[in-house]
Amino acid sequence: MEKNQIQPSIIMKRVVFLVLSAACLASCGQRNAPKSDISAEANTPVDSIIAAEKLVMVALDPTGAATHHSHIAGLEDKVVFQFNALAGQNLSADISQTDTIPANIRINQIISPSGAADGPFGIQAEYPLTETGTWQIIVAESLMNGEPYTGPFTLTFQLK
């Protein structure tokens, strides 16, 4: 062999080394994104996100009250009620069931216009609204107790 000619086995080793190095570097950049405590989609904590969702924009009557009849379909369902309010108002919310089977549902969270979430609550909540804008009330089943519930319910609330 000539002095300037490289042996084929050395070329093959270099090619394999380059391919493996490139694969290793590519996989290093593919790290899983860290789990966030807040979902960008609805500004709700990840542990409370449930698969199905109904979004209801509620129009308040002139007295600041609203009643909405809805339906929930088990553990995989939640209903998000949106309403506009002013800072300094107080929210009084109540869930009542219209079915004879006890409903395992509650006000899971109240979410401010800036995305701050508070909860869980029970079937009633009294809450001071500290921001002006669109607020959310999330109604879903309690994952801690009771049997899955599928059926109708009514959310009544008042701003004072």
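**Figure 1. Asp-77, a buried residue in a predicted model.** At 5% relative accessibility, Asp-77 counts as buried. Buried means under 20% relative accessible area, exposed means over 50%, and partly exposed lies in between (1.4 Å probe, protein chains only). The side chains of Asp-77 and Lys-54 meet in a salt bridge, at 2.6 Å from N to O. A salt bridge is a side-chain nitrogen of Lys or Arg within 4 Å of a carboxyl oxygen of Asp or Glu. Side chains of opposite charge can pair when their charged atoms come close. Asp-77 lies in the loop between strand E2 (65–73) and strand E3 (78–85), and Lys-54 lies in strand E1 (residues 54–57), so the pair ties together parts that are 23 residues apart in sequence. The structure holds 1 salt bridge.

The model is predicted: local features need pLDDT of at least 70, side-chain atom pairs count only at pLDDT 80 or more, and totals for chains, interfaces and linings use all residues. Residues are numbered from 1 along each chain as its sequence is written, and side-chain values use heavy atoms, with hydrogens and water left out.

**Figure 2. The loop around Asp-61.** Asp-61 is placed in the loop between E1 and E2. With 36% relative accessibility, Asp-61 counts as partly exposed. The side chains of Asp-61 and Thr-63 are joined by a polar contact of 2.6 Å. A polar contact is a pair of N or O atoms within 3.5 Å; within protein, one must be able to donate a hydrogen and the other to accept it, and residues adjacent in sequence count only if both atoms are side-chain atoms. Gln-158 is 97 residues away from Asp-61 along the chain, and their C-alpha atoms are separated by 9.4 Å.

**Figure 3. Arg-106 and its contacts.** Arg-106 lies in strand E5 and is buried, with a relative accessible area of 19%. Not counting residues up to four places away in sequence, Arg-106 touches several residues, including Ile-95, Pro-120, Phe-121 and Ile-138. Contact means heavy atoms within 4.5 Å. Arg-106 also touches Ser-142, and a polar contact of 3.5 Å joins the side chains of these two residues. Glu-141 is 35 residues from Arg-106 in sequence, with 6.0 Å between their C-alpha atoms.

**Figure 4. The sheet of 5 strands.** This open sheet has the order E1-E3-E8-E5-E6, with mixed pairing. Its edge strands are E1 and strand E6 (117–118), each of which pairs on one side only. Strands (E, at least two residues) and helices (H or I, at least four) are DSSP runs, numbered from the N terminus. Two strands pair if DSSP finds at least two bridges between them. Strand E5 (residues 105–111) and strand E8 (residues 133–141) run antiparallel and are joined by 6 bridges. Gln-136 in E8 is the bridge partner of Ile-111.

**Figure 5. The sheet of 4 strands.** The order in this open sheet is E2-E9-E4-E7, and the pairing is antiparallel. E2 and strand E7 (124–128) are the edge strands, each pairing on one side only. E2 is joined to strand E9 (residues 150–159) by 9 bridges, and the two run antiparallel. His-69 stands opposite Thr-154 in E9.

**Figure 6. The chain as background to the close-ups.** The protein chain has 1 helix and 9 strands. Of its 160 residues, 34% are buried.
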